[in-house]
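Here's a quick tour of the sheets and helices in this one. Have the sequence and the 3D view open while you read.

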Amino acid sequence: MATEPIVQIRDLTKVIGKKTIIDRLSFDVYPGEVFGFLGPNGAGKTTTIRMMVGLMKMTEGEVLIDGTSIKTDFEDAIVKVGAIVENPEMYKFLSGYQNLLHYSRMMKGISKDRIDEVIKLVGLEDRINDKVKGYSLGMRQRLGLAQALLHRPKLLILDEPTNGLDPAGIREIRQYLRTLAREENVAVVVSSHLLSEIELMCDRVGIIQSGKMVDVQKVNDFIQKDKAIMVSFEVDPVGHAVKAIKAAFPENEIQQENGKLTMKIEHEFIPDVTTKLVEKGIRIYGIQTSVKTLEDVFLEVTGGEQVV
């Protein structure tokens, strides 16, 4: 990961009336990474994104894009940003290519070669000359990505990029974003309610709640923060197994159900438990571990509030 961030958000605050919507939010995003921005409904995700791209005025704080201030040097800062907030908008009576050509005329230095390059990058070569009104939702999302990438932004901001897509379309968008970050060294900020996709897509995750940043960590660090995991042993006889494990591991809580005993232990102690069961002549039919997902961690951090 690069040492210099593309995005620097410092004490970002939004107050409407007497209510603080965003409360001194601070985080960085680096080139080549996909950053997941998560939070329950009403936490302030979209408000933050709107301030990042200048669609909403910030009350206090600063947003720097590659060292340039959105607040004081908006035009120089925003030219480094590509964004899709909510759904991408385009002319449905034009072809995909005509839409990109029309958009390219609004920006300086976009060549035909660059248009062809982004078309290939998002995988629309076979349908780019068809009218957009015949595109599926996934194809429109990909065309929106191509449009956002035409001017070679250093930062791509996507608010719910997989909204309304089927599983195949969701996987396609995920793969495109990973490719963009890796091959074009673009910093990508993704806000989504699909936590399983964020887990697969993102390098780091920031969780916002009630306008405040709760935590920012690598996805793997979030999930593996607790070294102990739940392990189920399918055994017979289960009653004797429970007694044996309680005697050997008195500090561990053991649950018994449907021929299984389940306990929370560190991964390295699984062989010790297995050895103890074998020594007591207990038959073992299966061992299953249960690792926390990002959704599990999110619900713990936010007190069970759903992300929307």
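Which residue in β8 is the bridge partner of L158? Keep in mind as you look that this is a predicted model.

## The mixed sheet

The partner is V190 in β8.

Zoom out and you'll find 6 strands in an open sheet, ordered β6-β7-β8-β3-β9-β10, with mixed pairing. At its edges sit β6 (81–85) and β10 (212–218), each pairing on one side only. Ignoring direction, neighbouring strands here are turned by 15° against each other on average. Helix α5 (residues 137–149) lies across β6 and β7, and runs at about 150° to β6.

## The antiparallel sheet

There's another open sheet, with 4 strands in the order β2-β1-β4-β5 and antiparallel pairing. Its edge strands are β2 (19–29) and β5 (68–69); each has a single partner strand, so one side of each is left without a neighbour in the sheet.

Strand β1 (residues 7–16) runs antiparallel to β2, with 7 bridges joining them.

## Aromatic rings

Searching the whole structure turns up 3 aromatic pairs. As for a cluster, F27, F35 and F37 are linked into one by ring pairs.

Key. Residues numbered from 1 in each chain as written. Predicted model: local features only at pLDDT ≥ 70, side-chain atom pairs only at ≥ 80, totals over all residues. Heavy atoms only, no water. Pairing = 2+ DSSP bridges. Helix = DSSP H or I, 4+ residues; strand = E, 2+ residues; numbered from the N terminus. Phe/Tyr/Trp six-rings, centres within 6.5 Å; stacked < 30°, edge-to-face > 60°. Axes fitted to C-alpha atoms, helices over the stretch in contact; angles between N-to-C directions. Contact = heavy atoms within 4.5 Å.
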